[in-house]
Amino acid sequence: MGASVKHDQGPEGQAGCEHETLNLYGTVLDSIVDGPGLRYSVFVQGCTHACPGCHNPESQPFEGGYTMTVSEIMSDIRANPLCRNITITGGEPFDQACACAALARMLKHEGYGVWAYTGYLFEDLSQSTREGVDDLLEHIDVLVDGPFVESLKSLELDWRGSSNQRVIDMARTREMGRVVEWHQPSFDLEVPPSW
């Protein structure tokens, strides 16, 4: 059942990519664990990192999975009007950077919030000359970067599996010219005196 899809070979690989088709491990229509709020999660198939203890080891081989076009994924996402936030994870989204960038670009155009998870470090991605990497970085709001390190695993962490990983606010990072970590917005509720 495995589909053949061109994929990049890592941050400095020179192989091309499909611009309109993603090789997927799966999708989750209503995730609450891949970022804050109700999210649609896209799990790409294939990962160059093979982190020991990975929570999705079946998504690591580039063989397998199934294909969906960006248009098909967008139709699936639009079917749930309650879901306005999307997470692109995997597998490794930057191993299919062009297709993931096409998806992220369309999502941002339609006003969705976009998170992406990667085993690469932001600094390495920002220096990459591989097609699609800059475009994907430009169209995501939050990047969770770094490989999963089993010895640094903690269930106490928000939105990441190991303490070496960072949750990066991409807009602030672009604005400041350095990595700025994302923090969940907080607000105080004032209890009315009549309560």
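What covers the buried residues of helix 1 includes strand 1 (21-31), strand 2 (39-44), strand 3 (66-69), strand 4 (85-89) and helix 2 (97-109). Here buried means under 20% relative accessible area, exposed means over 50%, and partly exposed lies in between, with a 1.4 Å probe and protein chains only. This is a predicted model, in which local features need pLDDT of at least 70 and side-chain atom pairs count only at pLDDT 80 or more, while totals for chains, interfaces and linings use all residues. Residues are numbered from 1 along each chain as its sequence is written, and side-chain values use heavy atoms, with hydrogens and water left out.

**Overall fold**

- The chain has five helices and seven strands; these are DSSP runs numbered from the N terminus, with helices being H or I of at least four residues and strands E of at least two.
- Read from the N terminus, the order of elements is β-β-β-α-β-α-β-α-α-β-β-α.
- Of the 195 residues, 47% count as buried.
- Among contacts (heavy atoms within 4.5 Å) with a separation of 6 or more, 66% join residues 24 or more positions apart.

- Helix 1 spans residues 70-78, and its buried residues are V70, I73, M74 and I77.
- Viewed down the helix axis, these buried residues fall within an arc of 100°, so they line one face of helix 1; the arc is taken from the directions between the helix axis and the C-beta atoms.
- The largest nonpolar core holds 35 residues, and I73, L103, L137, I140 and L143 have the most contacts inside it. A nonpolar core is a set of buried Ala, Val, Leu, Ile, Met, Phe, Trp, Tyr and Cys residues joined through side-chain atoms within 4.5 Å.
- Elements giving two or more residues to this core include strand 1, helix 1, helix 2, strand 5 (113-117), helix 3 (122-127) and helix 4 (133-138).
- Helix 2 supplies the largest share of this core, eight residues.
- Not counting residues up to four places away in sequence, L103 touches L22, V42, V70, I73, M74 and I88.
- A second, separate core of six residues includes Y117, V142, V144 and V167.

**Pockets**

- The largest pocket has a volume of about 670 Å³. On a 1 Å grid over the protein atoms alone, a pocket is an open set of points where a 1.4 Å probe fits, with protein on both sides within 12 Å along at least five of seven lines, and lining residues have an atom within 4 Å of a point.
- Grid points are joined across faces, edges and corners, and a volume is the space filled by probe spheres set on the points.
- This largest pocket is lined by 32 residues, with H55, Y117, F148, G161 and Q165 nearest its centre.
- Its lining divides into twelve nonpolar, 14 polar and six charged residues, where Ala, Val, Leu, Ile, Met, Phe, Trp, Tyr, Cys and Pro count as nonpolar, Asp, Glu, Lys and Arg as charged, and the others, Gly among them, as polar.
- The second largest pocket has a volume of about 170 Å³, and D158, W159, R160, V167, E181, W182, H183 and Q184 line it.

**Two residues to look at**

- T87 lies in strand 4 and counts as buried, at 0% relative accessibility.
- Leaving aside neighbours within four places in sequence, T87 contacts D34, R39, Y40, S41, V42, W115 and Y117.
- H109 sits in helix 2 and is exposed, with a relative accessible area of 70%.
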